[in-house]
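Thank you all for coming. I would like to walk you through one structure this morning, moving from its charged pairs to its fold and its core.

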Amino acid sequence: MAKVYGAVTIDGQRCKGCDLCVVACPTDVLLLQPKEVNDRGYHYAFAANPDACIGCAACATVCPDACIEVYRVVDRGE
């Protein structure tokens, strides 16, 4: 039986650190970078726990800057 996993990519240079994606994620995949900032001076979001992603795309839906992309990866177990 195939299993579906999620994969999230974040454009850290465009992220303004609004924290909406972190709050929207039901599996606590995303966090804001605590020590680093991007070129614009914001603490950007990153996938702290990427293996927990279920591909729901809640984070991408609430992102006002459209800097998050979510993919679904199918593992057919072959």
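This is a predicted model: local features need pLDDT of at least 70, side-chain atom pairs count only at pLDDT 80 or more; totals for chains, interfaces and linings use all residues.

Let me begin with D65, which forms a salt bridge with K16, the closest N and O atoms being 4.0 Å apart; by salt bridge I mean a side-chain nitrogen of Lys or Arg within 4 Å of a carboxyl oxygen of Asp or Glu. This pair links distant parts of the chain, since D65 sits in the loop between helix 2 and strand 4, while K16 sits in the loop between strand 1 (3-10) and helix 1, 49 residues apart. Both partners count as partly exposed, D65 at 23% relative accessibility and K16 at 34%; here buried means under 20% relative accessible area, exposed over 50%, and partly exposed in between, with a 1.4 Å probe and protein chains only.

Residues are numbered from 1 along each chain as its sequence is written, and side-chain values use heavy atoms, with hydrogens and water left out.

How many salt bridges does a search of the whole structure find? It finds two, and the other joins the side chains of D11 and R14, again at 4.0 Å from N to O. D11 is partly exposed at 31% relative accessibility, and R14 is partly exposed as well, at 38%. In general, side chains of opposite charge can pair when their charged atoms come close.

**The fold and its core**

Turning to the fold, the protein chain has two helices and four strands, and read along the sequence they follow the pattern β-α-β-β-α-β. These elements are DSSP runs numbered from the N terminus, helices being H or I with at least four residues and strands being E with at least two. The C-alpha trace spans about 45 × 20 × 20 Å along its principal axes, and of the 78 residues 24% count as buried.

Which residues have the most contacts inside the largest nonpolar core? That core has 14 residues, and the ones in question are V8, C15, C21, V29, L30, C59 and I68; a nonpolar core is a set of buried Ala, Val, Leu, Ile, Met, Phe, Trp, Tyr and Cys residues joined through side-chain atoms within 4.5 Å. If we set aside residues up to four places away in sequence, C21 touches L30, A45, C59, V62 and I68, where contact means heavy atoms within 4.5 Å.

**Two positive phi values**

As background, most residues other than glycine have a negative phi. D28, however, has a phi near 55°, a positive value in a residue other than glycine, and D28 lies in the loop between helix 1 (20-24) and strand 2 (30-32), where it is exposed with a relative accessible area of 58%. A66 likewise has a positive phi, of about 50°, and is found in the loop between helix 2 (58-62) and strand 4 (68-75), exposed at 52% relative accessibility.

Finally, consider A48, in the loop between strand 3 (45-47) and helix 2. The C-alpha atoms of A48 and D28 are separated by 8.3 Å, although these residues are 20 residues apart along the chain. Leaving aside its neighbours within four places in sequence, A48 is in contact with V29, L30 and L31, and A48 is partly exposed, with a relative accessible area of 38%.
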